[in-house]
Amino acid sequence: MSNLLPIGDIMPDMKNWSCIITVQEKQQVTDSMGTPTKKQNFVFYDSEGSKVEGIIFNADIPRMSPMLQVYKRYKISNADVRTIPLKFQTAELTKQWVITSKTVIDEVDGDEDIMPIQFAFTKFADLAEYMDDRSKSVDVLGVVISSLAMKTITKNSKQSSVQKFVLLNEESQTVLLSLWDDFLNNEGQVILNNMQSYPVIIGRRLKVNNYNGVSLSTWFDSALLVDPPIQEARQLKNWAMRNTKSIAEIIDAKSYIKYNPALSLKGDQKTTLICNVTPSQKTAWVKAKLSFEHIFQKYWYMSCAKCYRATTADYEIEFTCNSCKEKGAAMPRCRFDIDLSDDSGVIPASIFGDLAETILTFTGLEAMDHFNQNLELPLEFVHAQLKTKTFLVHIKPVQTQLADARQRYTVLYCSELEP
């Protein structure tokens with residue numbers, strides 16, 4: 001007979017033991033660095049809240065992995081217990097159970113319990129602190145309210161599938177989460193199949209990127225928990241169910257595909273001198289003067305009203321966009337080139353959409369009307385005002401350089417600074 005023990009009492013090389021656990025996390029199958037070994041990691045917890053890492057290797061993965069499903073309880077007996085190498089240990093995971101085809105696993109019936117687990121979630125408003133730092137990751141809680149179209153892209157000569165999902169918190173802030181490959185095929189399909197019931201997810205060890213100011217993405221060791229049995233998730237789902245009208249308005253407005261300064265702008269935002277801005281920086285913040293008095297341009301382009309990509313379709317003519325595949329009317333969108341300058345230098349940039357209209361004081365439609373009538377926009381007052389103002393500007397480098405080899409930038413955000 002094996003001894004029924006809690007996780008904390010099970011030591012390396014111990015024999016004749018059993019433990020009743022619940023599967024908290026089931027990660028994707030990954031390759032071990034620089035070796036042909038494939039592995040799949042799990043996190044188990046017991047009724048005391050203690051945790052242990054489970055791991056399955058190579059040919060045992062297709063045999064044993066389907067036997068372990070998230071949130072279900074199992075009695076596991078006589079797995080090979082090892083100490084995790086020190087550099088890979090965390091505060092809560094120091095031991096590892098190696099699951100093989102010889103390991104005894106029995107499902108335990110019972111009602112779903114609330115997880116006795118505490119998570120440290122990063123607030124959406126604090127995500128910018130972790131942006132583009134590969135050494136840091138975040139755990140977030142959000143309700144999925146919508147998804148964008150799935151795309152196939154080529155990275156390093158390998159095709160990958162990716163789809164963005166819209167996460168919402170109780171402050172009605174949104175952030176986009178990109179699910180890649182196996183995450184999309186597994187948890188992504190569960191989310192898509194349950195979209196009408198507002199699935200709540202915990203994203204663990206996600207990376208923070210600078211798409212639209214701030215966005216999230218799965219990484220090789222990330223984990224997604226869909227509708228996890230924890231109190232915070234159930235409260236968030238109940239909140240979503242009570243606020244279906246306001247959520248529908250958020251989905252209709254599609255503001256989540258636009259830059260969100262509320263998430264990307266830090267309270268003590270540090271800036272860079274223009275002479276120190278380099279194309280290797282994914283984004284940069286500068287304090288700059290804006291000028292475009294000397295640049296001859298038309299101030300608008302015809303765009304898809306859904307994704308803003310340029311099109312040759314005529315104004316208000318319905319067409320199917322080659323980029324987003326959506327059908328809609330072509331609309332003029334404001335866009336023009338500017339110079340950003342401070343005491344250290346000048347860089348060329350382009351500004352689009354609402355930001356461009358605010359600086360120009362004309363809409364894309366008004367700019368198009370003037371252009372079509374061969375009239376210049378009356379901008380004397382705008383140019384005079386800009387000479388007296390300084391702006392906080394968030395920029396990112398454009399892949400293609402100008403003909404004179406100067407690096408061009410795109411303005412993500414700008415706001416006038418107090419004198």
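D60 is buried in this predicted model, since its relative accessible area of 16% falls under the 20% limit for that class. R63, by contrast, has a relative accessible area of 53% and is therefore exposed, the limit for that class being over 50%. The side chains of D60 and R63 meet in a salt bridge, with a distance of 3.9 Å from N to O. Both residues belong to helix α1, which runs over residues 60-64, and they sit 3 residues apart, or about one turn of the helix.

A second salt bridge joins E293 and K387, whose closest N and O atoms are 3.4 Å apart. E293 lies in the loop between β17 (284-291) and β18 (300-304), and K387 in the loop between α8 (380-386) and β22 (391-397), so this pair ties together parts that are 94 residues apart in sequence. E293 counts as partly exposed, because its relative accessibility of 48% lies between the limits of 20% and 50%, while K387, with a relative accessible area of 57%, is exposed.

| Salt bridge | N to O distance |
|---|---|
| D60 and R63 | 3.9 Å |
| E293 and K387 | 3.4 Å |

For the chain as a whole, the count comes to 14 salt bridges. The chain carries 46 positive and 50 negative charges, and the mean positions of these two sets are 4 Å apart.

The setting for these pairs is a chain with 8 helices and 23 strands, whose C-alpha trace spans about 90 × 45 × 40 Å along its principal axes. Of the 419 residues in the chain, 45% are buried. Among contacts with a separation of 6 or more, 60% are made by residues 24 or more positions apart. The accessible surface of the chain comes to about 22,500 Å², and carbon and sulfur atoms account for 49% of that area.

Technical notes: Residues are numbered from 1 along each chain as its sequence is written. This is a predicted model: local features need pLDDT of at least 70, side-chain atom pairs count only at pLDDT 80 or more; totals for chains, interfaces and linings use all residues. Side-chain values use heavy atoms; hydrogens and water are left out. Helices (H or I, at least four residues) and strands (E, at least two) are DSSP runs, numbered from the N terminus. Buried means under 20% relative accessible area, exposed over 50%, partly exposed in between (1.4 Å probe, protein chains only). Contact means heavy atoms within 4.5 Å. Accessible areas come from the Shrake-Rupley method with a 1.4 Å probe; for residues, only the protein chains shown count as cover. Lys and Arg count as positive and Asp and Glu as negative; His and the chain ends are not counted. The place of a charge is taken as NZ of Lys, CZ of Arg, CG of Asp or CD of Glu. A salt bridge is a side-chain nitrogen of Lys or Arg within 4 Å of a carboxyl oxygen of Asp or Glu.
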